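Look at the sequence and the 3D structure below.

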Amino acid sequence: MRTPIMAANWKMNKTNAEGLAFLDYLRGKQVSSKMELMIFAPHVMLSDLVRASEPEWTIGAQNFYYEDKGAYTGEVSAPMLKAIGVSHVLIGHSERRMIFKESEEMLHEKLVKALKEEMVPVFCVGESLEERKNGAHFSKVTQQLNSALEGIEAEKIRKMVIAYEPIWAIGTGETATAGDAEEMCAHIRKHMERLFGSIAEELRILYGGSVKPSNVKEILGCPNIDGALVGGASLQADDFIALATGGNDV
Ligand code: PGA
């Protein structure tokens, strides 16, 4: 069975003190979740969050560069993250692809590096509104996976997590219907099976894009969706707790 994941992507939000207060609040509420809880936080607070985290929570990085060290001003490497106890990284988020112009080649290098370092990559894919309107959403996501995974062996991807995040649903309040999200996540699993065989059954595939306490239950109920990657609604601790415990009844 695949353990579901509830992952917070804080993006460029919260100070160090606010991040720590969030963890304290979570601890105080004694949240008991059947899901694996992950928080992808800004680099500056990772070290403190790892120290303040409960063993069952995962603190992850939103970004890293694929070289170990050197003249890469402003960047952070995978070994640096590992050295402070960070084991999980986001790769391929649409904001990195679009705002920071990260190319498919770069995302492939990052994925290879994360796997080589035995970190857990949460690799994001997803189509634009135009691609969906043109019926190109399946081929777009297939191509993103092919390009990122080229030459990678099946054994290496066992712990990899994939997040389907349609760009038009991120931060817009517009969620894909549970049916659309499930259809794409099933497509992703089938494609992973084509590429890597039966390991695809073990892979956790998340949905992301305007997930909130009122719609998470329906999303989590889909057979090929193993959790959610949440931006906006993960910033308030009470909302995150509601997400982590399966959502509000609506
Ligand atoms: P959102 O962001 O939940 O605010 O739509 C999701 C994400 O970007 O991971």
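In this predicted model, a polar backbone atom of serine 210 is 2.7 Å from an oxygen atom of the ligand. Taken alone, the ligand would expose 280 Å², and the protein buries 95% of that. A side-chain N or O atom of histidine 93 also lies 2.7 Å from a ligand oxygen atom. For glycine 231, a backbone N or O atom is 2.8 Å from an oxygen atom of the ligand. There are 13 residues around the ligand, and those that come nearest are Lys11, His93, Glu165, Gly171 and Ser210.

Lysine 11 also has a backbone feature to look at. Most residues other than glycine have a negative phi. Lysine 11 is not a glycine, yet its phi is positive, at about 50°. This lysine 11 sits in the loop between β1 (5-9) and α1 (16-28). Glutamine 30, again not a glycine, has a positive phi of about 45°, and its place is in the loop between α1 and β2 (36-41). Is glutamine 30 buried or exposed? Its relative accessibility is 69%, so glutamine 30 counts as exposed, the cut-off being over 50%.

Now turn to helix α5, which covers residues 104-116. Its 13 residues reach 18 Å from the first C-alpha to the last, close to the 18 Å expected at 1.5 Å a residue. Which residues of α5 are buried? They are Leu107, His108, Lys110, Leu111, Lys113, Ala114 and Leu115. Their cover includes the helices α3 (78-83), α4 (94-98) and α7 (137-149), together with the strands β4 (88-91) and β5 (120-125). Just after α5, glutamate 118 takes a positive phi of about 55°.

Conventions:
Residues are numbered from 1 along each chain as its sequence is written. This is a predicted model: local features need pLDDT of at least 70, side-chain atom pairs count only at pLDDT 80 or more; totals for chains, interfaces and linings use all residues. Side-chain values use heavy atoms; hydrogens and water are left out. Helices (H or I, at least four residues) and strands (E, at least two) are DSSP runs, numbered from the N terminus. The expected span of a helix is 1.5 Å times one less than its number of residues. Buried means under 20% relative accessible area, exposed over 50%, partly exposed in between (1.4 Å probe, protein chains only). Contact means heavy atoms within 4.5 Å. A residue is near a molecule or strand if one of its heavy atoms lies within 4 Å of it. A polar contact is a pair of N or O atoms within 3.5 Å; within protein, one must be able to donate a hydrogen and the other to accept it, and residues adjacent in sequence count only if both atoms are side-chain atoms. Accessible areas come from the Shrake-Rupley method with a 1.4 Å probe; for residues, only the protein chains shown count as cover.
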